[in-house]
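I opened the model to look through a few strands, a helix and a pocket. My entries follow.

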Amino acid sequence: MPNRLATSTSPYLLQHADNPVDWWEWGEEAFAEARRRDVPVLLSVGYAACHWCHVMAHESFEDEEVAAALNAGFVAVKVDREERPDVDAVYMAATTALTGHGGWPMTCLLTPDGAPFWAGTYLPRDGFVQLLGAAGATWRHDRDRLLEGSERIVSALRQTEGGATRGSPLTDEDLAAAVRTLATGYDQQWGGFGGAPKFPPSMVLAFLLRHHGRTGDPAALGMARDTCEAMARSGIYDQVGGGFARYAVDRAWVVPHFEKMLYDNALLLGVYADLWRADPGARPWAERVVRETVDWLLREMWTEQEAFASSLDADTEGVEGLTYVWTPEQLRHALGDDDGARAAELLRVTATGTFEHGASTLQLREDPADPAWWAGVRERLDLHRTLRPQPGRDDKVVTAWNGLLVSSLAHAGWLLEEPEWVDVAARCARFLLGTHVVDGRLRRTSRDGVVGAALGVAEDHGNLVDGLLALHRATGDASWLSEAGSLLDAAVGLFGRADGGFAATGHDAERLVLDPRPEGDNAEPGGASALALALVRHGAQAAHAGHLDAAATALEGIATTARQAPRFAGWALVAAEELAAGPLLVTLSADGGDQGAATSGTAPTTLAETARHTPVGTLVVDGDPGTPALEGRRSATVCRGTVCDLPVVHPSELSIRG
């Protein structure tokens with residue numbers, strides 16, 4: 001029979017609804033049951049697209065013997081980390097402190113008060129059974145030792161709750177030094193930073209492009225461009241269907257971990273759009289990635305509620321990558337002998353394989369000699385692939401991730417003159433504002449139009465505000481700016497701290513055994529960084545000097561991390577770069593003809609076209625009703641911080657000072 005998870009709004013929890021384990025959702029009821037029974041809590045945290053979460057589920061949680069031991073000696077609590085990032089952050093801090101590493105599935109043993117006394121990640125069945133037996137026996141016969149251990153763990157973690165020491169404001173030299181620090185860990189051969197496994201460094205790339213836009217630093221542009229090209233031509237990018245996998249298991253980006261996450265693709269969409277803006281030489285393949293990624297998002301991630309699903313699974317029918325990999329024989333079967341052999345050579349599909357069991361991921365290490373032929377082959381492979389079993393989709397809507405995509409989609413739609421993309425972003429934003437705001441309070445998730453109970457955290461507010469601000473820039477519609485301002489004011493009240501920084505969770509949120517730490521960025525923007533960037537952009541677009549000052553103060557709380565470990569402060573560095581640039585804001589009038597003098601070559605001939613090629617990091621409001629037309633012609637005004645130039649009408653007069 002289905003267990004308590006059967007009524008959940010989380011697809012991850014629903015994956016466990018038929019387990020013989022007597023699962024509880026996170027909440028006071030579960031801990032009250034543990035106190036009533038006088039047993040520990042087994043906390044299992046994961047997410048729907050996680051390969052090793054599936055493995056542990058099949059080995060242990062679907063096993064009757066394991067479930068019987070778990071049910072007899074513990075209260076078992078299952079958490080979707082994407083639905084409750086606060087719970088995940090607290091116990092991941094404990095796991096990392098105790099084991100030296102983190103990851104999912106995360107397995108923790110807690111007292112009935114929520115204090116951890118053991119933490120780890122994936123455990124094979126036999127090891128899991130041994131853990132349950134040993135922990136249960138110790139709880140019954142030597143409990144004082146466990147409780148003393150949990151007290152030491154919590155005490156040690158509480159000493160670090162304040163996070164990194166507040167630093168002085170980030171200077172231009174600090175931003176240049178961050179580029180130099182990143183260069184020391186840069187992979188000159190394959191792009192990216194560090195070794196295997198290698199994650200797309202999306203926020204760091206966004207920072208590098210802005211640093212180049214402000215300073216002209218060729219090293220910053222080179223690291224960003226070469227990393228983007230290496231990923232775009234590799235196995236981590238889906239050469240047939242579009243979109244990026246979560247990470248590569250090797251330095252050369254050949255073999256991905258096949259799950260596709262919305263937040264990765266939202267961030268990378270923005271990066272490739274800005275690379276198109278920054279580097280004419282990269283423009284053809286950067287635009288290809290943007291268009292293919294948007295096509296994938298609209299085809300596979302768009303939901304009936306007019307928002308975007310969270311992820312596609314790493315596994316198909318229990319086999320990782322089954323949908324995506326090919327053998328030479330499979331290519332011949334799909335394309336015929338000649339085209340199959342030609343495609344295998346182009347896509348690096350070998351007889352020995354680059355993945356498992358003789359199969360290969362698809363790489364496009366060089367442009368095809370015949371683009372029309374490749375377009376036809378890609379279409380045929382895509383059609384053939386749709387006949388294969390498909391990975392599962394986690395169709396819950398996460399506010400923060402949809403906010404990121406609204407921002408990138410609106411921005412890319414404006415840059416590449418695709419108004420339909422901007423319209424899709426607006427429809428998504430309207431769904432979030434209409435469904436995810438309940439009694440004035442933003443919620444974290446929904447599924448099938450039903451909003452979840454979890455309150456929105458700091459990054460939900462910051463990222464959604466950023467998406468609304470991008471819509472204001474792309475359309476000139478002041479209602480988006482008004483909505484962004486209201487939501488941002490609410491966020492400052494909910495998450496603001498006395499020192500000017502931001503907490504990860506709201507003042508009205510459930511109190512956990514530890515407070516989640518908001519400093520730094522990892523796979524997605526941290527809450528403090530997200531709110532700081534929202535303050536920078538709203539301060540510029542709404543001419544709100546107080547928000548610019550608040551952004552600078554908030555960034556001081558992340559400054560130490562940005563100086564010492566810039567790879568983990570990418571979004572904060574984006575905010576700092578835009579703040580250091582002014583921020584730079586260009587407003588184009590809503591009225592008037594936009595016609596410049598005819599020019600030769602490829603020089604922009606209109607104000608709008610010129611604005612699309614301003615340095616990355618320049619905010620452009622296209623169609624601002626507050627910017628007047630001049631003599632019947634469209635005008636543009638450039639502001640840097642709180643100082644604005646006189647309006648101009650000719651493209652050659654629209655100059656951006658560095």
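**Notebook: strands, a helix, a pocket**

I began with strand β9 (residues 311-312), which is joined to β12 by two bridges and runs antiparallel to it. S311 has D394 as its bridge partner in β12. I take strands as DSSP runs of E, at least two residues, and helices as runs of H or I, at least four residues, numbered from the N terminus. Two strands pair if DSSP finds at least two bridges between them.

I noted the ground rules. This is a predicted model, in which local features need pLDDT of at least 70 and side-chain atom pairs count only at pLDDT 80 or more, while totals for chains, interfaces and linings use all residues. Residues are numbered from 1 along each chain as its sequence is written, and side-chain values use heavy atoms, with hydrogens and water left out.

Next I traced the sheet around β9. It is open, has three strands in the order β8-β9-β12, and pairs antiparallel. β8 (260-261) and β12 (393-394) are the edge strands, each pairing on one side only.

**β20 and its partners**

I moved to strand β20 (residues 636-640). Four of its five residues are buried, meaning under 20% relative accessible area with a 1.4 Å probe, protein chains only. Five bridges pair it with strand β18 (residues 584-589) in the antiparallel sense. T587 has T637 as its bridge partner. Strand β21 (residues 643-644) is antiparallel to β20 and joined to it by two bridges. There C639 stands opposite C644. Two residues lie between the strands of this hairpin, and G641 takes a positive phi near 65°.

**Helix α21**

I checked the length of α21 (residues 545-556). Its 12 residues should span 16 Å at 1.5 Å a residue, and the end C-alpha atoms are 17 Å apart, which agrees. The expected span is 1.5 Å times one less than the number of residues. I listed the buried residues as H547, L548, A551, A554 and L555.

**A pocket**

I ended at the second largest pocket, with a volume of about 500 Å³. A pocket is an open set of points on a 1 Å grid where a 1.4 Å probe fits, with protein on both sides within 12 Å along at least five of seven lines; lining residues have an atom within 4 Å of a point. Its volume is the space filled by probe spheres set on the points. I counted 25 lining residues, with W26, E83, R84, A453 and A454 nearest the centre. β3 gives the largest share, three residues.

Notes. Buried < 20%, exposed > 50% of the residue type's maximum accessible area, 1.4 Å probe, protein only.
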